[in-house]
Amino acid sequence: MARYIVRRLLGLVPVLLGVALLVFAMLWIAPGDPVLALVGESAQGMSREALEELRRAYGLDRGFVAQFVDYVTRLARGDLGDSIRTGRPVLEEVWLRFPATLLLAGSAMAVAIALGMALGVLAAIYRRTWVDHAAVVVALLGVSVPVFWSGLVLMLVFALRLGWLPASGYGDWRHLVMPAAAVGFSSSAFIARITRASMIETLRQDYVRTDHAKGLAPGVVHRHALRNALLPVVTVVGLQFGGLLGGAVLTETVFAWPGVGRMLVDAIRARDLPLVQGTVLFIATLFILVNLVVDLSYAALNPKVRYD
Amino acid sequence: MTDRSTGDDARRPDSGGSGRRPALGPVARVRRAWVRARHGWSSALRAPPVRRFRRNRAALTGLVLVLLLVALATAAPLLAPYAPDAQNLRARLRPPSAEHWFGTDEFGRDLLSRVLFGARISLMTGLVPVVSGALLGTFIGLVAGYYGGRIDTVLMRVMAVLLAFPSLLLALAVVGALGPGLTNAVIAVAVVGVPQYARIVRSVVIGTREEEFVHAARALGARDGRLLLRHVFPTTLGPLTVQATLGIGFAILSMAGLSFLGLGVQPPTADWGEMLARGRRFLPDATWLLAFPGIAISLTVLAFNLLGDGLRDALDPRD
């Protein structure tokens, strides 16, 4: 297992390099002079000589490859550049907001898994009944309703009308309920779908029939089946994490949640390119690592997986 | 959520939709006997794709909704009671009434007219990125799958990097580099789709590459380009259609999200996402500004999802 983990980690290196290359290339794709993009508005009063000076200082006068090598070296040292707006290191800015995003994403994940699995299992057990159909409808709404809209509707009902929850901001658990519910709901649909299909498949297995034949209570039988039905669900949870992060970006904006996603949107609006690059790189790396963890746990859970 | 992976439909051919199985005519009976002899029992019980689609109530609902939407978008100038950007400062923030069925916004613009015209933007921003992303992705997938070897490795490595980003984050990264705006947002959403189409097409092509009819065409002297376009490409059309239909729903959702964040469609263009971003400032009173654009987005995306799922169930080559 340890060797397997090491090999999987090594396999990430080219992907991470590719991600870094893409993020680095954003500076070149951006319209206009890269120096101006990096320095921002403060460059407006600068003389041509001063700009050339800066160009050399940033190493922008050298070739693409040399600059990229430079970039990766700096990344390896944990240097993601400085934000144009605040002048502070990008990594610091991201770390400052990361806990809020982690909290939101984690809670939303919990909501998504609980809701998705419940819907999926119910739909599978009560197949072709109204329970199944209702679960299908709820799951369909989950993928079709924009997460920022369901967030706004929740806010309207539970905060602005009923006054049960604070409309926005960051603080105790009451601030977390609506954003987590909105993001979790939209991510639960796919989990429900896979759980249902997997559960139906499992319920058809011989050992389930044996369980029934032995006269076990339906609840016990379903518990046996669920354990085996969950394996495919694990992989989906990892993939859903990406959608969840995307949902978090939108939802953080709706609820003024001080996370990485909202910072990214603000940075794009303010054309703070270093901050945009750093945030994108950070979230992408996080996503890749989460998927690795999910893959590994799948391998650990499934005795059929071999490590060679 | 139909039973794709369960193989259940093979035993209950009428499970997909309403009603009983129609009685078979003499031709159909012969055909079924022939298919049974050739492919075994279960595939003979499988209805052809068109009939399978027609029996699927959810898919039909999706199709009707999509057609309705296209009709509304096309006829928007005829149907809309007002011009979408005509301001009437004496009728600001009016709730729904006989004059303004969906109410008015803070400039006194008629919301119904704006929602109708928004359907055009929405369909456009759904179709354009999907078509362009699918074209590029298909090309990459065809080349990678057909030639294999180093070309395949390099192309798929690049696609793997694109897939390593969460979709919306990749779109945000592209917008972050190019700057906000409608065109850049469309490019961003198109980029997100490219690796998905490339992967699907490649996997189909790898399966088709060694088929007899491809060998036959090659033996007859067909060049690579012709072979790819005339013989290999058509086999990818089924999976491609499914992915593209579902992709339209996703693209509309992403574009609405980007516009909601102020990074996509810019005012005063009537766009559902932008309307929501603006309308939220007038909560909790002007609920109509929240309700109608939101329902419009949800219904549109739902329609394409239903249609895409139905197409997948009808065309799924795994059956």
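This is a predicted model: local features need pLDDT of at least 70, side-chain atom pairs count only at pLDDT 80 or more; totals for chains, interfaces and linings use all residues.
Trainee: How do you know how far to trust the complex and chain B?

Mentor: The predictor itself gives the complex an ipTM of 0.88 and a pTM of 0.85. For chain B the mean pLDDT is 84, and 84% of the residues score at least 70. Helix α6(B), residues 111-147, has the highest confidence in that chain at 93, while helix α2(B), residues 41-45, has the lowest at a mean of 49.

Trainee: And what about residues 1-20 of chain B?

Mentor: Be careful there: pLDDT stays under 50 over that stretch, for which the model has 39 contacts beyond four places in sequence.

Trainee: Okay, on to chain A. What makes up its fold, helices or strands?

Mentor: Helices. Chain A has twelve of them and zero strands. Its C-alpha trace spans about 85 × 60 × 30 Å along the principal axes, and 40% of its 308 residues count as buried. Among contacts with a separation of 6 or more, 73% link residues 24 or more positions apart.

Trainee: Why are α6(A) and α8(A) called oblique?

Mentor: Start with the angle: the axes of α6(A), residues 130-144, and α8(A), residues 173-203, cross at roughly 130° and come within 7 Å. Roughly perpendicular ends at 115 degrees and roughly antiparallel needs over 145. The crossing falls between those limits, so the two helices are oblique to each other. The crossing is also left-handed.

Trainee: Which residues meet there?

Mentor: From α6(A) you get Ala135(A), Ala139(A), Gly142(A) and Val143(A). They meet a set in α8(A) including Phe185(A), Ser188(A), Ala192(A) and Arg193(A). By class, the contact has six nonpolar, three polar and one charged residue.

Trainee: What makes Phe158(A) partly exposed?

Mentor: Count its neighbours. Phe158(A) has 18 other C-beta atoms within 10 Å. Buried takes 20 or more, and exposed means 12 or fewer. Phe158(A), with 18, sits in between, so partly exposed is the label. This residue is in helix α7(A), residues 147-161. Leaving aside neighbours within four places in sequence, Phe158(A) contacts Trp164(A), Leu165(A) and Met178(A). Met178(A) is 20 residues away along the chain, with 8.5 Å between the two C-alpha atoms.

Trainee: What stands out about the backbone at Ala256(A)?

Mentor: Its phi is near 50°, a positive value in a residue other than glycine. Ala256(A) lies in the loop between α10(A) and α11(A).

Trainee: Which peptide bonds in chain B are cis?

Mentor: One runs from Pro267(B) to Pro268(B), with omega near 10°, and Pro268(B) lies in the loop between α11(B) and α12(B). Another runs from Leu283(B) to Pro284(B), with omega near 0°. Pro284(B) belongs to the loop between α12(B) and α13(B).

Trainee: Finally, how many residues bring the chains together?

Mentor: On chain B, 40 residues are in contact with 45 of chain A. The largest share of the chain B side, nine residues, comes from α8(B). That side has 26 nonpolar, eleven polar and three charged residues.

How values were computed:
Residues are numbered from 1 along each chain as its sequence is written. Chains are lettered from A and ligands numbered from 1 in the order in which they are written. Two residues are in contact if their C-beta atoms, placed from the backbone, lie within 7 Å. Helices (H or I, at least four residues) and strands (E, at least two) are DSSP runs, numbered from the N terminus. Ala, Val, Leu, Ile, Met, Phe, Trp, Tyr, Cys and Pro count as nonpolar, Asp, Glu, Lys and Arg as charged, and the others, Gly among them, as polar. pLDDT is the predictor's confidence in each residue, from 0 to 100. Axes are lines fitted to C-alpha atoms, for helices over the stretch in contact, and angles run from 0 to 180 degrees between N-to-C directions. Angles under 35 degrees count as roughly parallel, over 145 as roughly antiparallel, 65 to 115 as roughly perpendicular and the rest as oblique. A crossing is left-handed if the near helix is turned anticlockwise from the far one by less than a right angle, and right-handed if clockwise.
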